[in-house]
Amino acid sequence: MELETREQKLYSESSKVNQNLTKLKISRNEIGAEGTKPLWQSLKVNQALAKLDLSRNEIGAEGVESLSESLKVNQGLTDLKLNRNENGVEGMKAFGESLKSNQSLTKLDLSRNGIGAEGTKPLWQSLKVNQALATLKLSHNGIGTEGTEPLWQSLKVNQTLAKLNLANNGIGSKDTKVAHQENVQELLQSLKINTSLVKLHFDGNTINKKDLNQMNNLIKRNNYFQKHLTKSAKEGNLSKNSKN
């Protein structure tokens with residue numbers, strides 16, 4: 001069902017005072033940038049909404065820029081789906097800035113937005129600062145090798161991101177053999193330092209079997225490390241509680 005402008009305004013006004021609504025799905029409505037403005041305004045006030053699905057709405061760069069301003073203030077939203085919205089490079093620049101201050105969003109889906117290498121750079125920069133985002137989906141975005149180079153550097157710093165989907169991004173497909181190998185080695189080097197990433201979807205990109213096995217082994221090491229870290233934390237809490 002498509003939301004009319006009047007209904008959008010009604011939602012905006014009601015959500016400013018409604019603290020019971022925690023999930024909202026408005027996917028496949030083609031509401032565009034203009035249609036999302038009342039929603040972004042309400043997010044500056046409403047801290048109860050935790051999950052928002054706005055996939056396939058043709059929001060575009062203008063809509064994402066407005067959303068980014070709200071995310072700088074909102075600290076309640078934890079799960080956001082914006083796949084297939086034609087976010088554009090300018091939209092991603094604004095979004096990247098908002099992630100530097102937002103510390104509530106833990107799941108973000110930006111797949112199939114055609115943001116390319118340039119559009120991902122602001123995201124990679126935000127990962128050096130953001131300590132909340134745990135799941136990031138960026139499949140089918142035409143990132144290529146150029147778009148991953150800053151990411152590998154960010155992963156050496158970020159210790160929060162646990163799941164990353166980079167499937168079908170043409171990584172390595174147009175590289176020379178030397179350039180491709182250099183990029184893969186940068187990836188492997190970053191994974192040797194990073195201990196938080198436990199899932200990396202890399203299918204649909206170019207990587208040889210030997211390097212893929214090494215990558216998977218490093219991811220398995222992280223899984224082992226994180227499980228034992230969680231176990232140690234729980235045991236620590238249990239010992240503290242037993243003393244009390």
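Reply: What follows is a set of questions and answers about this structure.

This is a predicted model, in which local features need pLDDT of at least 70 and side-chain atom pairs count only at pLDDT 80 or more, while totals for chains, interfaces and linings use all residues. Residues are numbered from 1 along each chain as its sequence is written, and side-chain values use heavy atoms, with hydrogens and water left out.

Me: How many helices and strands does the protein have?

Reply: The protein has eight helices and seven strands. Helices (H or I, at least four residues) and strands (E, at least two) are DSSP runs, numbered from the N terminus.

Me: Why is S68 called buried?

Reply: Buried means under 20% relative accessible area, exposed means over 50%, and partly exposed is in between (1.4 Å probe, protein chains only). S68 has a relative accessible area of 0%, so S68 is buried. The residue is placed in helix α3, and S68 touches G91, A94, F95 and S98, not counting residues up to four places away in sequence; contact here means heavy atoms within 4.5 Å.

Me: What makes S55 buried or exposed?

Reply: S55 has a relative accessible area of 9%, and therefore S55 counts as buried. S55 is placed in the loop between β2 (51–53) and α3, where S55 touches S27, R28, K81, N83 and N85, again leaving out residues up to four places away in sequence. Across the protein, 47% of the 244 residues count as buried.

Me: What makes N168 partly exposed?

Reply: N168 has 33% relative accessibility, and so it counts as partly exposed. N168 lies in the loop between β6 (163–165) and α7 (177–193), and N168 has a positive phi of about 55° although it is not a glycine.

Me: How do you know that the span of α6 agrees with its number of residues?

Reply: The expected span of a helix is 1.5 Å times one less than its number of residues. For the twelve residues of α6 this should give 16 Å, and the end C-alpha atoms are 17 Å apart, which agrees.

Me: Why are the buried residues of α6 said to be on the same side?

Reply: The buried residues of α6 are G144, T145, G147, T148, L151, W152, S154 and L155. They cover an arc of only 160° around the axis, and therefore they are on the same side of α6; the arc is that of the directions from the helix axis to the C-beta atoms. These buried residues pack against α5, β6 and α7.

Me: Why are α3 and α4 called roughly parallel?

Reply: Two packed helices are described by the angle between their axes and the distance between the axes. Axes are lines fitted to C-alpha atoms, for helices over the stretch in contact, and angles run from 0 to 180 degrees between N-to-C directions. Angles under 35 degrees count as roughly parallel, over 145 as roughly antiparallel, 65 to 115 as roughly perpendicular and the rest as oblique. α3 and α4 pack at an angle of about 10°, with their axes 8 Å apart, and α3 and α4 are therefore roughly parallel to each other. In this packing A61, V64, E65, L67, S68 and L71 in α3 meet E90, G91, A94, F95 and S98 in α4.

Me: What makes α4 and α5 roughly parallel?

Reply: The angle between α4 and α5 is about 5°, with their axes 8 Å apart, and so these two helices are roughly parallel to each other. Among the residues of α4 that meet α5 are V89, M92 and F95, and among those on the side of α5 are E118, P122 and L123.

Me: Which residues touch the most other members of the largest nonpolar core?

Reply: A nonpolar core is a set of buried Ala, Val, Leu, Ile, Met, Phe, Trp, Tyr and Cys residues joined through side-chain atoms within 4.5 Å. Of the 48 residues in the largest such core, L52, L54, L80, F95, L108, L138 and L166 touch the most other members.
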